[in-house]
Amino acid sequence: MDELVPLFVKIGLSEQKAKDTAKNKKLAPLLETIIKEAKVADTGCNKDTGVLLYSLATTATKNTLPHLPFIIKKINSGDLKTTDQVSAAIKFSEEGFNEKDFDKATGVGITVTPEQVKKAIAEYIATNKENIVTNRYKTLGPTLANARKIESLRWADGGMVKNEIEAQYLALLGEKDERDMPQKKKKEPKAKAATPEKKASVKPAETDLTKIFFEGELGKLHKPGGNKQIKPELMAEHLKRTGGKVVTRFPPEPNGYLHIGHAKAINVNFGYAKAHNGITYLRYDDTNPEAEEEQYFTSILDTIRWLGFEPFKITYSSDYFQELYDLAIKLIKKGLAYTCQCTGEEINECRGGKDHGERKACVHRDRPIEETLDQFMKMKEGRYKEGEITLRMKMDLTNGNPQFWDLIAYRILYTPHFRTHDKWCIYPTYDYTHCLVDSFEDITHSLCTTEFRQSRESYYWLVDAVEVYKPVQWEYGRLNVSGTIMSKRKILKMVNNKYVNDWDDPRLYTLVGIRRRGVPPEAINEFVLELGVTTSVSTIDVKRFDGKTRDYLDKHTPRLMAILDPIRVVLTNVPDDYSEEVVVPNKPRDPSMGEHKVPFTKVLYIDRSDFREEDSKGYYRLAPGKSVGLLHAKHPIHCVSYKKDAAGNVVEVECVYENKGEFKKPKTYIHWIAESKKHNSPVQLDEVRVYERLFKHDNPERVEGGYLEDINPHSLSIVKGAIAEVGFYDHVKDWVKKTNGGKDKESMRWQFTRTGYFCLDKDTELDARLITEGKVKEGLKKIVVNRTVSLKEDSEKD
């Protein structure tokens with residue numbers, strides 16, 4: 001198909017998209033036919049026309065194929081100007097074709113002016129003004145969706161409508177402010193003595209991420225009831241059962257842990273239904289007993305809930321094993337399935353083999369119906385060996401789509417099933433099960449990733465063949481992240497060979513690993529939704545994910561002074577028992593996050609990187625003869641001397657506290673921790689685990705020798721002897737109370753000042769009862785923290 005690439009480029013496709021299209025065995029020949037019919041194979045065409053021709057190729061159905069020449073003629077003449085009109089033409093062709101009604105049905109000759117758009121939007125806003133004023137920008141997404149239903153705007157330019165809505169919202173409501181942010185309930189602050197009023201910082205308004213479900217391709221999806229059925233009564237019965245609700249499902253295989261790509265699928269399926277006041281099933285696709293384990297079932301549900309979603313109902317494909325079996329019998333009786341005793345190699349040869357040669361029917365394809373029924377019954381009774389026989393669907397071997405090449409519907413497996421145990425020894429395949437269970441559960445929108453695009457037609461074929469309700473399948477581009485491995489098989493190999501500690505190793509991009517690293521679920525949801533939902537497969541630079549995580553943590557985590565490599569500082573000009581308390585804000589410039597107190601004494605600790613034995617130009621931190629500020633302390637310190645051990649390492653720095661005379665503002669400030677037995681300061685951290693990238697390159701699978709050769713040997717550093725200030729106790733005590741005992745340890749997160757973002761690891765040992773009683777030090781038996789992400793790099797800092 002490589003010879004088609006130049007042809008596709010002529011209609012405006014990028015070279016990469018042209019290559020991807022040429023590989024699609026169904027789309028490529030249809031697009032070639034359309035280009036030739038449009039008579040632009042030699043000359044090419046402008047990009048706008050190319051977009052319409054490509055849209056026609058990707059949306060055309062079997063019923064529309066006879067009418068393609070007419071639709072192409074309308075595109076060439078300029079009658080059809082938008083992809084919306086092309087979609088309308090396809091729908092019109094599906095519902096019966098009458099040329100004299102075509103123009104009206106597809107908006108030919110209709111021009112909607114900016115003035116008409118402005119008037120229609122103004123009328124809509126006036127009608128809904130009370131709701132819009134009350135709920136402000138939260139209503140923007142639904143308004144964008146409802147505008148598409150206004151009859152006078154049916155053929156208006158979508159961009160023009162969107163811009164007009166946003167302009168009229170701005171005129172009515174003004175700029176977005178804190179009222180448009182998601183609100184969280186806050187406890188009433190305790191009464192305090194009168195203090196000078198502090199001006200609270202105004203947080204910027206956050207983007208309404210639900211808009212994506214009403215825009216672009218998602219915004220064009222059908223309403224419940226809008227998808228044609230093989231029998232009209234099937235839709236009537238469906239709508240009676242659902243009440244016209246949107247119904248989606250998230251159908252993972254319980255054979256491993258979910259990864260970052262699944263976060264997009266969860267957000268798309270649950271988010272789309274929620275945006276349209278619908279419901280979402282969690283359905284475990286448990287049709288392969290050889291790979292399923294209880295730990296995966298449990299982890300999947302826990303992960304979905306952690307991301308903030310709750311299924312309407314939890315189901316299993318195995319719930320429907322009897323119904324699926326009954327429909328297989330029906331398929332056989334209709335002459336649309338047969339038992340096949342070919343080997344896997346023989347099946348592959350009949351499909352054209354590795355050289356993609358001529359396809360042919362296997363010797364069992366025309367087996368009599370009664371014989372197939374008898375053999376299928378014997379399969380169920382366990383009278384054949386595994387691999388000896390399968391049930392295949394009799395589809396269309398002449399179709400260019402491999403998903404029509406007589407797919408296997410049932411195979412024999414004698415492995416006991418997690419739920420049904422040994423009741424069944426025949427198990428339905430994904431290709432057979434998926435669409436039928438979607439039908440059983442009245443799914444309106446079967447949303448999946450683009451690798452299932454070719455399965456769409458076989459999905460429709462099967463539900464029509466057994467005459468059950470037919471959902472609509474729509475595909476979106478999957479999410480990949482650079483610099484990591486998503487394959488369950490390859491991750492398992494790394495776990496078994498001790499390259500990583502387990503599936504929840506924080507260096508992995510499994511969702512349990514990301515969670516353990518301390519990435520908040522809200523940051524993950526924002527990340528995947530901000531990327532949008534399109535049909536393009538995207539590989540996102542891991543730095544972008546880290547950036548979103550960093551941005552979220554910056555807004556929501558308390559600050560804490562912690563030191564990974566402490567060095568002792570003694571203030572020589574204050575008494576041995578010198579002590580004062582310093583008030584430290586939990587988050588500077590955000591009084592709503594509160595404050596805590598730390599001691600300031602004769603003995604302090606600073607980070608070793610903040611001291612140099614010799615000063616240098618452009619260096620502003622501590623060195624002999626130099627002063628430096630201490631964060632939150634009243635006065636700077638001035639270095640006068642330092643001591644070394646026998647190995648030549650600096651072990652103590654002697655300074656004076658510049659609390660006398662005129663105050664001189666230092667050029668920079670560093671963090672510090674005081675020594676005070678009275679305050680249990682410093683807090684000793686048993687382990688600080690600093691994680692770096694697991695792989696050295698963005699695409700580890702392309703590295704010579706394979707991905708295992710690309711593992712970064714320095715991806716984990718375990719730091720012993722780190723310390724933190726006593727605000728640690730306050731934060732942990734408050735967190736334990738808020739989280740009902742500190743169950744999810746990774747949810748205790750901080751920004752370690754000037755160091756990075758960190759969280760408690762699950763290896764932390766704590767006694768929640770002691771902590772809630774105020775005995776926090778005693779309640780923290782072992783403290784292990786993980787670095788979630790570094791601070792933003794600042795090349796100018798010294």
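How many salt bridges does the count come to? The count comes to 54 salt bridges. The model is predicted. This report looks at some of those contacts, then at one helix and one group of strands.

**Salt bridges**

| Pair | N to O distance |
|---|---|
| Asp 442 and Arg 241 | 2.7 Å |
| Arg 456 and Glu 475 | 2.6 Å |
| Arg 769 and Glu 773 | 3.2 Å |

Take the pair of Asp 442 and Arg 241, whose side chains meet in a salt bridge. This pair links distant parts of the chain, 201 residues apart. Asp 442 sits in the loop between helix 19 (430-440) and strand 8 (445-449). Arg 241 belongs to helix 13 (residues 232-242). Asp 442 has a relative accessible area of 8%, so it counts as buried.

Next come Arg 456 and Glu 475, also joined by their side chains in a salt bridge. Arg 456 lies in helix 20 (residues 455-465), Glu 475 in strand 9 (residues 472-476), so the contact ties together parts that are 19 residues apart in sequence. Are these two residues buried or exposed? Both Arg 456 and Glu 475 are buried.

Arg 769 forms a salt bridge with Glu 773. Glu 773 counts as partly exposed, because its relative accessibility is 46%.

Some salt bridges join up into a network.

**Helix 21**

Helix 21 spans residues 488-496. Which of its residues are buried? They are Lys 490, Ile 491, Met 494 and Val 495. Seen down the axis of helix 21, the buried residues fall within an arc of 145 degrees, so they line one face. Arg 489 and Asn 496 are on the other side, and these two are exposed. Just after the helix, Lys 498 takes a positive phi of about 65 degrees.

**Strand 18 and its partners**

Strand 18 covers residues 627-630. Two bridges join strand 18 to strand 19 (residues 637-644), and the two run antiparallel. Ser 627 stands opposite His 638 in strand 19. The hairpin of these strands has six residues between them. In that hairpin, His 632 takes a positive phi near 75 degrees.

Strand 18 also pairs with strand 21 (residues 669-670). In which sense do these two pair, parallel or antiparallel? They pair in the parallel sense, over two bridges. Here Gly 629 stands opposite Tyr 669 in strand 21.

Conventions. Residues numbered from 1 in each chain as written. Predicted model: local features only at pLDDT ≥ 70, side-chain atom pairs only at ≥ 80, totals over all residues. Heavy atoms only, no water. Pairing = 2+ DSSP bridges. Helix = DSSP H or I, 4+ residues; strand = E, 2+ residues; numbered from the N terminus. Buried < 20%, exposed > 50% of the residue type's maximum accessible area, 1.4 Å probe, protein only. Arc of directions from axis to C-beta. Salt bridge = Lys/Arg side-chain N within 4 Å of Asp/Glu carboxyl O.
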